[in-house]
Amino acid sequence: MKISIEDIESEAKKVFSNRSADYAKRGLVSPENLVGLHHDTTKWRLGQQINKGVENLEKVFRAFHLSYSDNLTTELKALLEPFVSDIWCKQQVDRYGRGNVEDQGRYDNDLFQERKAALWRANAQIDLWVDEIRNSPNATRPASKELEQKFGILFSARQAQTDFDQWTTELKGLRRSLAILFVDIDNFKLLNKQYTESVVDETILPQAMNLLRGLAYARGEAYRQGGEEFLIILPNLNKQEATSFAEKIRSEFEGTGFQVNEDVNHLTVSIGIALWPKHGSTYSLVLKKANQAEKIAKQIKNSWEMASDETTDQINQTLRAFRQPLKELPAEILTTLIRECPDGLASKRYKITELKTIFPEHSEEAIQDACYDLDHLGLLQIQPQLTGWEVRLKEAAYEQVDHQIMRWNPKEDALELAKLMIETEEGSAPILLKQLGWPKRRFNPAQRIIMEIVPEECIRQASQPNFSTIGILLTPQSLFDIKRFIKNS
């Protein structure tokens, strides 16, 4: 669901400007009054964002002729809250309410109360829409779904593809994603050997499937793929939400006792995660990616793994060859640009004439071909200009090859950085850089890895030239993600 945040923010600036001009005419300009004006404008903007969200939801509601289901109300309401999240409210107050702790607390409380009231009004409208569907004599009812035949608890593998196709058709154009989680019970053969396959079928498997069905309820659907393998399909989930859900499944299995006669067994699962459309445009492609990720998670057990995309796979295959002495021109260019980079921000640009000066023994055509090879691998970006073309490194290049070219490994550095953030409860980039004593060239690639695992709204966007971000907000969710990263590293 797309809300024109930019338009609302622009309009909010106009509202603030007009009101502050009025204050000036009346001789009411003071630091306290300006802060209060900022707060009133933020409350106006909050209401506008929720109203716009309701408008967009109604368009979806009318366009797709939604079928009634028990979880429809919950799903529609869940789409609204991210646009006025707790973090968003806190960030707004942080911008204008700093200084007086008592005032900041008052602004916090007032904005959260405004948010609560606005969401209540929006949710009341959603309740009316759902009632309209439920009570309509011509309402489209959901078609019956095919259960897996052996147990009749979860839906069938064939139903999984049907649901995937239906959900992705509805999500096209809404800039939303869908997640497939491939769940496999660890050490399952040992259970069959210990209790026999028939006993496991009568005890452990039904318990496991009921657990998955309960976890998927009101969020998506659960399916039996075969044997001890299961799928969960979750519409409207992004990468962060999908990994959080996978962690929920992992921890629930780990903490649940599965009864077999007098024995209580504690099982673990390995989970692979893949997203549509990021990891594929069809069910078979996304399922394949989820299965591949599950096999990687299976090597550790009791863990989950997010699928890689095709570009990452190609990079990894090519870079394995780079562990040999670098003789080919693409490798030479990549190595040179990696070593010359001053800050790890991939901002320095090179003209073709500059590269020809650095590599005088090669023709411009050969250099251009080598750059296109690196561009194809996602390590270099070619930018056409009126006077020729320029190239610059992509940020992914540092993570992929620093461990071979420099004296550090960004993934290991990210782990050290994550531990420091947890120990010190500090997210500010300048402070963390000083505590680590690293050059910016080493710090920034490690920080970007941390940025990939925390929610986007926790990444501070203040403009500055020295870091990938000036800092990361340490919220309960971002702290959980960082701790999970440490555990899995």
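Reader: Which residue just after α15 takes a positive phi?

Author: The model discussed here is predicted. Just past the end of helix α15, which covers residues 364-376, the backbone adopts a positive phi of about 80°. The residue that takes this value is Gly378.

Reader: What distance separates the end C-alpha atoms of α15, and what span should its residues give?

Author: Helix α15 has 13 residues, and at 1.5 Å a residue these should span 18 Å. The expected span is 1.5 Å times one less than the number of residues. The end C-alpha atoms agree with that expectation, because they are 18 Å apart.

Reader: Which residues of α15 are buried, and which are exposed on the other side?

Author: The buried residues of α15 are Ile367, Ala370, Cys371 and Leu374. They cover an arc of only 100° around the axis, so they are on the same side of α15. On the other side of this helix, the exposed residues are Glu365 and His376.

Reader: How many aromatic pairs does the structure hold, and how are the planes of Tyr372 and Trp389 set, in degrees?

Author: The structure holds five aromatic pairs. In the pair formed by Tyr372 and Trp389, the ring centres are 6.4 Å apart, and the pair is tilted because the planes stand at 40°. Planes under 30 degrees apart would count as stacked and those over 60 as edge-to-face, so the value that places this pair in the tilted class is 40°.

Reader: Which parts does the pair of Tyr372 and Trp389 tie together, and how many residues apart are they in sequence?

Author: Tyr372 belongs to helix α15, whereas Trp389 belongs to strand β10 (residues 388-393). Tyr372 counts as partly exposed at 40% relative accessibility, while Trp389 counts as buried at 13%. The pair therefore ties together α15 and β10, parts that are 17 residues apart in sequence.

Reader: Is Asp184 buried or exposed, and which side chain does the side chain of Asp184 join in a polar contact?

Author: Asp184 is found in strand β1 (residues 178-185), and Asp184 is buried because its relative accessible area is 6%, with the cut-off for buried being under 20%. Leaving aside neighbours within four places in sequence, Asp184 is in contact with several residues, among them Glu228, Thr268 and Glu294. The polar contact of 3.3 Å joins its side chain to that of Lys298.

Reader: Where are Thr196 and Asn236 found, and what phi does each of them take?

Author: Most residues other than glycine have a negative phi. Thr196 is found in the loop between α7 (188-195) and α8 (197-202), and Thr196 counts as partly exposed at 40% relative accessibility. Asn236 is found in the loop between β3 (229-235) and α10 (239-255), and Asn236 counts as partly exposed at 25%. Neither is a glycine, yet phi is positive in both, at about 85° for Thr196 and about 65° for Asn236.

Reader: Which residues does a cis peptide bond join, and what is omega there?

Author: Most peptide bonds are trans. Pro277 has its place in the loop between β6 (269-276) and α11 (283-300). The cis bond joins Trp276 and Pro277, where omega is about 5°.

Reader: Over which rings do the charged ends of Lys145 and Lys348 sit?

Author: The charged end of Lys145 lies 5.4 Å from the centre of the ring it sits over, that of Phe155. For Lys348 the corresponding distance is 5.0 Å, and the ring is that of Tyr350.

Terms used
Residues numbered from 1 in each chain as written. Predicted model: local features only at pLDDT ≥ 70, side-chain atom pairs only at ≥ 80, totals over all residues. Heavy atoms only, no water. Helix = DSSP H or I, 4+ residues; strand = E, 2+ residues; numbered from the N terminus. Buried < 20%, exposed > 50% of the residue type's maximum accessible area, 1.4 Å probe, protein only. Polar contact = N/O pair within 3.5 Å; in protein donor to acceptor, adjacent residues only side chain to side chain. Contact = heavy atoms within 4.5 Å. Arc of directions from axis to C-beta. Phe/Tyr/Trp six-rings, centres within 6.5 Å; stacked < 30°, edge-to-face > 60°. Lys NZ or Arg CZ within 6 Å of the ring centre and 35° of its normal.
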